[in-house]
Amino acid sequence: MSAPSRLALVPFLSVAGMMRLVHAIGIEPFLVELAEEIEADFRRWPAFDKTPRIASHSDVGVIELMPTSDGETYGFKYVNGHPANMKRGLQTVTAFGLLAEVETGYPVLLSEMTILTALRTAATSAMAAKWLAAPGGTGVMALIGNGAQAEFQALAFRAVCGTREVRLYDIDLAATAKCAANLAGRGLRVVSCATAEEAILGAGTITTVTADKQYATILTDNMVGAGVHLNAVGGDCPGKTELHRDILLRSQIFVEYPPQTRIEGEIQQLPPDHPVEELWQVIAGQAPGRRDARAVTLFDSVGFAVEDFSALRYVRRRLAETGLAQQLDMIADPDDPRDLFGMVMRAA
Ligand SMILES: NC(=O)c1ccc[n+]([C@@H]2O[C@H](COP(=O)([O-])OP(=O)(O)OC[C@H]3O[C@@H](n4cnc5c(N)ncnc54)[C@H](O)[C@@H]3O)[C@@H](O)[C@H]2O)c1
């Protein structure tokens, strides 16, 4: 049997490999470069083949596929969301993803994406805040929900938006203690708070990144003052929201891909024709973004396939410089492409 061809061996980035890549680049440079990659892809948004993600819901969570293509490269992510997993010692969100050449359909990268999802979600949040927050509005951020995503959010805001102070709150004191310990010595003033009301004091940006499979009210209308930027990350499924509807009614709402966000985002609480603005248009210079310094801006984040595509392409490029990828014998590749059967039989 001859050696597999170049395309038949698929570069694979394991969890250990991803962690080594993050350390080799440095977590903040990684987040900054990733935000730049995502921003570049948002600028060429019309080039992407887009569809709302394909979700399979159950009583306890959701399993989703998130595909997109720019005509040269195709990508998809498998991701779940299971808020009760944490109590069983499991992650709420896990993911892996793949890139393929459109030309041949052959995969060119298979990667862990649990860590990469946290990085890309944080990079996207910080990128959105850079465009939407009021001048000086990212200096102090409240971070409500101190689970797996939280530190990544804080560090992306520090690296991309210059955030200096992060004010933590979680219903679980242990989560806040973990988050505060992980953020110590990373150039942020970290304030652990006993209530959400305390966390938002003086914060120009409020990030909500809680997990609960229900319509939750992490913020009520009276908690959101003029000029605040809201980065609502945790409401990302039908029946799973974080903000009181009244906040939405007086916010300028920015979304990734409206057909998906209408189903999954905070705006599922609003009529289907409620006006929203598309973040890519602001970044591409086609829409003005924040109206004035007193407007409340809301990034109704649900996570869109283009961000995962950008993240996988970024990783693929940086990986080429490191030798951290393993080669997976994943694609059957007979010498005679029509003799798949013969290849199987000869392996006996
Ligand atoms: N928008 C996106 O692109 C995107 C990407 C990844 C994850 N998410 C979502 O972000 C959320 C957080 O993910 P995670 O991996 O950090 O989950 P996690 O389970 O690790 O952490 C969630 C935290 O929220 C806390 N929490 C729950 N209810 C709360 C409340 N009422 N007030 C304050 N804190 C509360 C929990 O105690 C927990 O510490 C999930 O809902 C997930 O689906 C969104």
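Which residues are buried in α4? In this helix, Ala150, Glu151, Phe152, Gln153, Ala154, Leu155, Ala156, Phe157, Arg158, Ala159, Val160 and Cys161 are buried, where a residue counts as buried if 20 or more other C-beta atoms lie within 10 Å of its own, as exposed if 12 or fewer do, and as partly exposed in between, with C-beta atoms placed from the backbone. The structure is a predicted model, in which local features need pLDDT of at least 70 and side-chain atom pairs count only at pLDDT 80 or more, while totals for chains, interfaces and linings use all residues. Residues are numbered from 1 along each chain as its sequence is written.

Helices (H or I, at least four residues) and strands (E, at least two) are DSSP runs, numbered from the N terminus. Helix α4, residues 150–161, has 12 residues and reaches 16 Å from its first C-alpha to its last, close to the 16 Å expected at 1.5 Å a residue, the expected span being 1.5 Å times one less than the number of residues. Because 12 of the 12 residues of α4 are buried, the helix is largely enclosed by the rest of the structure. The cover over these buried residues includes α2, α3, β7 (140–144), β8 (165–169), α5 (173–183) and β10 (205–208). After α4 comes Gly162, whose phi is positive, near 75°.

At the level of domains, the assignment, whose bounds come from an automatic or database source, gives domain 1 (6–115 + 306–346) and domain 2 (123–304). The C-alpha centres of domain 1 and domain 2 lie 26 Å apart, and 23 residues of domain 1 are in contact with 25 residues of domain 2, contact meaning that the C-beta atoms of two residues, placed from the backbone, lie within 7 Å. On the side of domain 1 that touches domain 2, the elements that give two or more residues are α2 (27–43) and α10 (305–320), and the largest share, 10 residues, comes from α2.

The ligand lies between the two domains, because both give residues to the shell around it. Of the 28 residues around the ligand, Gly147, Ala148, Gln149, Ala175 and Gly303 come nearest, a residue being near if its C-beta atom, placed from the backbone, lies within 6 Å of the molecule. The elements that give two or more residues to this shell are α3 (114–132) and β11 (215–219).

In contrast to the buried helix α4, Pro271 is exposed, with 7 other C-beta atoms within 10 Å. Pro271 lies in the loop between α8 (258–264) and β15 (277–278).
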